[in-house]
Amino acid sequence: MFIPLTPIRFLHRAMDLFGSQTGVVCGSREFTYSEFGERCERLAGALKARGIGRGDRVAYLSFNTHKLLEGYYGVILAGAIIMPLNVRLALQELAAILEHAEAKMLLFENDFAPLVEKLRELCPSIRTYVSLGEPAEPAELTYDQLLATARRDERLDIMQVEENSIAEIFYTSGSTGTPKGVMLSHRSLYLHALAIMPYTGGLEPTVDLHTIPLFHANGWGAPQASTMMGARHVMVRRFEPGLVCSLIEKQRATHMSLVPAMANALINHPGLNNYDLSSLRVIMIGGAAASPELIARMERALGCRSVMAGYGLSETCPVLTVAVDKPFVHFDNEAERLRRRAMTGWAVPNVELRVVDLNGNDVAKDGSSIGELITRSDHVMEGYYNDPEGTAAAMSGSWFHTGDMAVWDGTGYVHIVDRKKEIIISGGENISSLEVERAIFAHEDVFECAVVAAPDDKWGEVPVAIVTRKPGSGLTAEILLAFLQDRLGRFKLPRQIEILDEPLPKTGTGKIRKLQLREPFWEGKAKRVQG
Ligand code: ADP
């Protein structure tokens, strides 16, 4: 029997099996799964009534709220594609993405109203603006009005869903510096949720704290897996250590995911000991490399023994590996257990991994030979939206190339040690060094520049720029930084700008030796990714 694979089946299951249970908690509001499902169906009806249909892109500029979570089901129930945008991007970056995606509708939180007002002129494809809070220009209506006026859509017949159609698009910085729209299908999202379910609570009653912004590859897969199992979604509007602690205590949260910078902020929160955090069962650390010290400190500070690394990319739904240490391996000592927990991990079900050299041959499984991590999996994206070349480059040889450099061992355990792609990961946010370089180049006094990652205790990595100015120019770091303010999201601004008068070091073919420029910042470090 063939039944299309789609996350909509998870929503139906939650409505049927867990209808009277609290499914979503958001600030002072709570919704049972019946109520949540009804709101999703209303949203679908409203979207259709406004002419949104098959394959249309519906963008969100929103923190983590129940309304965005409703979009994850309501938008795809209407046959459309949900496109949550990174709220930390600057005006020009958002405009470029919305224009590329030709989004038809933009739903935004009131915090972004001034920004959206400016977007209106730049994004002609957007026909309808909806404010997620109070009425605000340029929205023609609010989300509440949208739902109130809508006819609830009747339950969708799953057989009508085309499982390979696109459900979600996430724009990433991409290693080439041009934003890329990662297209994830209904089928991939369904299989991804099944694969990660054992790691995200499984059959145990689960309260899932949504600490990772949902605009990051669907908050690392949490919405679908949690809905499937009837877990309680607790929305964290914006990560703030005090808020997270109080929500853990109040909601008895069992699971959450953190990037290393969030984990650090949490364990250093002065009020940490005033909260009862004993409900926590599993904490996944991902988005950037973690360290054994961080894992140990997390376990101690939060009293939770299951703190483990997870690894993935937007392009892979995202989870590829989890560093869960049972039932495969027994560790000789505590240091080894922590080291493993902080490493990248083993492939989750549905995922094949290889670590290959430049000729595509597997490197030795000796824990020290380095190669690129490539994967073949049901979770790999369908491609980049409207970018066949970018898609072909990433998928060469029918395997998806992660651009991450790793070692592996005889048990299939992989560990990321470096990055091939020119990506800097700061506080879990990806920054394309090429994109920052392009913004710097736009200044007329810049002759050459290179942006590289430097290690940073708080953020993991930060971008630093090495710039050669044109002869006779009075360019300074301050002038350049002021120039970049409007062009780049704040997190992408170089933390240090070195202005030089001599040319940058080059290879024989004239390419700037970025690795050489990067090296002094990493002296004394064992790896070239911060963890
Ligand atoms: P996500 O939103 O899931 O972080 P991105 O596509 O933004 O996905 O970033 C993916 C990149 O983040 C990976 O290619 C890798 O370089 C880095 N990354 C993610 N998880 C880990 C990890 N556990 N260890 C090291 N690097 C990681």
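## Domains, ligand shell and backbone features

The chain is divided into domain 1, residues 8–187, and domain 2, residues 425–522. The structure described here is a predicted model. The C-alpha centres of domain 1 and domain 2 are 35 Å apart. Contact between them involves 12 residues of domain 1 and 14 residues of domain 2. The size of an interface is often expressed as the accessible area lost when the parts come together. For domain 1 and domain 2, the buried area is about 960 Å². Carbon and sulfur atoms give 44% of that area.

The ligand is considered next. It has 18 residues around it, and those that come nearest are G310, S314, D404, K421 and N430. By residue class, the shell around the ligand holds 8 nonpolar, 6 polar and 4 charged residues.

| Side chain | Distance from N or O atom to a ligand oxygen atom |
|---|---|
| W220 | 3.1 Å |
| D404 | 2.6 Å |
| K421 | 2.5 Å |

Taken alone, the ligand exposes 550 Å², and the protein buries 96% of that area. Two elements give two or more residues to the shell around the ligand: β14, residues 307–312, and β21, residues 414–419. Of the elements, β14 gives the most, with 3 residues.

The backbone has several features to record. Most peptide bonds are trans, and most residues other than glycine have a negative phi. P138 itself is placed in the loop between β6, residues 128–131, and β7, residues 141–142.

A cis peptide bond also joins C317 and P318, with an omega of about 15°. P318 is found in the loop between β14 and β15, the latter covering residues 319–322.

Finally, N218 is not a glycine, yet its phi is positive, at about 45°. N218 is located in helix α8, which comprises residues 217–228.

How values were computed
Residues numbered from 1 in each chain as written. Predicted model: local features only at pLDDT ≥ 70, side-chain atom pairs only at ≥ 80, totals over all residues. Heavy atoms only, no water. Near = heavy atom within 4 Å. Polar contact = N/O pair within 3.5 Å; in protein donor to acceptor, adjacent residues only side chain to side chain. Areas by Shrake-Rupley, 256 points an atom, 1.4 Å probe, with all protein chains shown as cover. Helix = DSSP H or I, 4+ residues; strand = E, 2+ residues; numbered from the N terminus. Nonpolar A, V, L, I, M, F, W, Y, C, P; charged D, E, K, R; others polar. Domains from an automatic or database assignment. Contact = heavy atoms within 4.5 Å. Buried area = accessible area lost by both parts, 1.4 Å probe.
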